Protein chains: 2
Amino acid sequence: MLRHRLAACALLAGALALPAFAEEAKTPTPKELLAKSTPAEWRTPDPRNLLVMTLPAGRVLIELASDYTPLHAANLRTLAHEHYFDGLSINRVQDNFVTQWDDPASDSDPVDESKLKPLGSARKTLPPEFTRAIDPKLPWTRLPDGDIYAPEVGFSEGFPAARDPKRGQTWLAHCYGAVGVARDIGAQSGNGSALYAIIGQAPRGLDRNLAVAGRVIEGMERLSALPRGPAPMGFYTDPGQRVPITSVHLAADLPEAERPRVEVLRTDSATFAALIEAKRNRRDAFYTVPAGKIDLCSIGIPVREKK
Amino acid sequence: MLRHRLAACALLAGALALPAFAEEAKTPTPKELLAKSTPAEWRTPDPRNLLVMTLPAGRVLIELASDYTPLHAANLRTLAHEHYFDGLSINRVQDNFVTQWDDPASDSDPVDESKLKPLGSARKTLPPEFTRAIDPKLPWTRLPDGDIYAPEVGFSEGFPAARDPKRGQTWLAHCYGAVGVARDIGAQSGNGSALYAIIGQAPRGLDRNLAVAGRVIEGMERLSALPRGPAPMGFYTDPGQRVPITSVHLAADLPEAERPRVEVLRTDSATFAALIEAKRNRRDAFYTVPAGKIDLCSIGIPVREKK
């Protein structure tokens, strides 16, 4: 009586196209597809674009989108280099929306500016970088199934992204795991000292209104499974509920032996295309109706430990 | 220096169209819209369609979709009435996918059938109910922005749903909070004794392949913020990690004084339409580019304590 275990297997299918029974599957499994991938299809994130956040529960890796939000990436490098985030905390977790970390002193109302941690040599404000001009030199793997929010969606340099060719604009999408820059009402008021990660249904209405500075590539569950805050918008009310940030280092600032050894599947690789196609059309016995479609934010990007 | 708090306010906007500054907002806030709602726009869930799940952390309310999956609703009423779920547990939490509860004895491999909790007078298998015929008598509030998975999407009786008029079919969508029926490889193998709730980006590829039996209308964070399981597919490995289910009662089986006193905004009400429109087009100062669109699974349905 394998019903439940099988149901579980079949359910996983939804997550990354893993059939319930490999032997009955006509759609290759992710495992099978990844086993056939070539070393050249994997990339090692540039240590200058990799933030290593250490929480009491473990490590969270964030890859910075240096070609999409370069000024924000630069400011985040500075903040990490100068240990700005060390000792700050996660102060807000709102169900089906965001986990946010920043200086808890900034969340009081009114804010006592004398209590704020100085930003050091980081810039206090930045140009918006909510969109950028389409550059044919940047890789673009377009998805075939369209999108209700943007004329085109796909992947670029490992990030789910959208495009409007008529306007010549492209931008990163607020998918699960996206790391965005909180800001004040002014479009130029963000600087990276307050960041949020998307932990629910993609709030794509934020696209083009906030800078997506990067994406969580490891340890997402350390942000998504935290207790939701009881106050409006998910703020913690008791300072004891806050999750302390041990440190946020730029991988490039770490001795080479201490840098995370991870590889990410290239989103312009044949194996990634095959993974997407396998997920679009499930042809194993469990599925009575393959969707034939996939939305941008439902596609996971494989990450593995580097050998 | 209100930057972070304001950023947080502005961010919430993504969740349910709450502007950062009510006084500057041109888009009405949900609070303003709800304040103008009439009593007739709210409905009290039928106690025969309301499951009250009690976990150590508190209550989770699930409304059954009796017009979409009537046989599954009937079986779930029987299982609850006969205390099938009491003493079982949440055994699987897979990040960005599902939280699943069932008989933990069914998750071993191989399963020792003698250890399984009997289903009592509930049916062992059920017809699929993955879709149903479109019935003009059922309310249908169509969304204007389309969908990549289905010809039409919208709301029916409080549930996010999809339609294919050419095939004459309609079905409930696997949005955040949807409660589905895990099953074996056979389409008729589900019975409701193993259920899952969606806790991440909507896995719409499951639509029409599994029965959506209901939707969490309260207490979602008690399912979504649980620790993710370390085993493949998010299964807990240590029985001590499992979250015990104190009880699952049908509200109709409870004395009237003990029934949850909640009301849900009707999804065919003018106020719900106004909430959707406010979320589609944010016109407060924070937003530089209103999306002009909204996807089915990004719309929350207000629930309130009954006065």
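**Overall form of chain A**

The structure is a predicted model. Chain A contains five helices and 17 strands. Its C-alpha atoms occupy a box of roughly 65 × 50 × 40 Å along the principal axes. The radius of gyration of chain A is 20 Å, which agrees with the value near 19 Å that a compact globule of 307 residues would have. Of the 307 residues in chain A, 61% are buried. Among contacts in chain A with a separation of 6 or more, 70% are between residues 24 or more positions apart.

The surface and the charges of chain A can be described in turn. Chain A exposes about 11,500 Å², and carbon and sulfur atoms supply 53% of this area. There are 38 positive and 37 negative side chains in chain A. The centres of these two sets lie 5 Å apart.

**Disulfides**

How many disulfides does a search of the whole structure find? Over all chains, there are two. The table lists them.

| Disulfide | S to S distance | Angle about the S-S bond |
|---|---|---|
| A:Cys175 and A:Cys297 | 1.9 Å | -65° |
| B:Cys175 and B:Cys297 | 1.9 Å | -65° |

The link of A:Cys175 and A:Cys297 is left-handed. This pair links distant parts of the chain, since its members are 122 residues apart. A:Cys175 lies in the loop between β10 (169–172) and β11 (178–181) of chain A, while A:Cys297 lies in the loop between α5 (270–280) and β17 (303–305) of chain A. Both A:Cys175 and A:Cys297 are buried.

In chain B, the link of B:Cys175 and B:Cys297 is also left-handed. B:Cys175 is in the loop between β10 (169–172) and β11 (178–181) of chain B and B:Cys297 is in the loop between α5 (270–280) and β17 (303–305) of chain B, so the pair ties together parts that are 122 residues apart in sequence. B:Cys175 and B:Cys297 are both buried.

A:Thr131 is found in the loop between β5 (98–102) and β6 (132–133) of chain A. Is A:Thr131 buried or partly exposed? Its relative accessibility is 26%, and A:Thr131 therefore counts as partly exposed. Leaving aside residues up to four places away in sequence, A:Thr131 touches A:Gln169, A:Thr170, A:Trp171 and A:Arg208. A:Thr131 and A:Asp207 are 76 residues apart in sequence, yet their C-alpha atoms are 8.6 Å apart in space.

A:Pro110 also lies in the loop between β5 and β6 of chain A. The peptide bond that joins A:Asp109 and A:Pro110 is cis, with omega about 5°. In chain B, the peptide bond from B:Asp109 to B:Pro110 is cis as well, with omega near 0°. B:Pro110 is placed in the loop between β5 (98–102) and β6 (132–133) of chain B.

**Residues with positive phi**

A:Asn96, a residue other than glycine, has a positive phi near 60°. A:Asn96 is located in the loop between β4 (89–94) and β5 of chain A. With a relative accessibility of 24%, A:Asn96 counts as partly exposed.

B:Glu157, also a residue other than glycine, has a positive phi near 55°. Where does B:Glu157 lie? B:Glu157 is in the loop between β8 (152–156) and β9 (159–164) of chain B. B:Glu157 has a relative accessible area of 27% and is partly exposed.

Note on methods:
Residues are numbered from 1 along each chain as its sequence is written. Chains are lettered from A and ligands numbered from 1 in the order in which they are written. This is a predicted model: local features need pLDDT of at least 70, side-chain atom pairs count only at pLDDT 80 or more; totals for chains, interfaces and linings use all residues. Side-chain values use heavy atoms; hydrogens and water are left out. Helices (H or I, at least four residues) and strands (E, at least two) are DSSP runs, numbered from the N terminus. The radius of gyration is taken over C-alpha atoms; the globule rule is 2.2 Å times the number of residues to the power 0.38. Buried means under 20% relative accessible area, exposed over 50%, partly exposed in between (1.4 Å probe, protein chains only). Contact means heavy atoms within 4.5 Å. Accessible areas come from the Shrake-Rupley method with a 1.4 Å probe; for residues, only the protein chains shown count as cover. Lys and Arg count as positive and Asp and Glu as negative; His and the chain ends are not counted. The place of a charge is taken as NZ of Lys, CZ of Arg, CG of Asp or CD of Glu. A disulfide is a pair of cysteine sulfur atoms within 2.5 Å.
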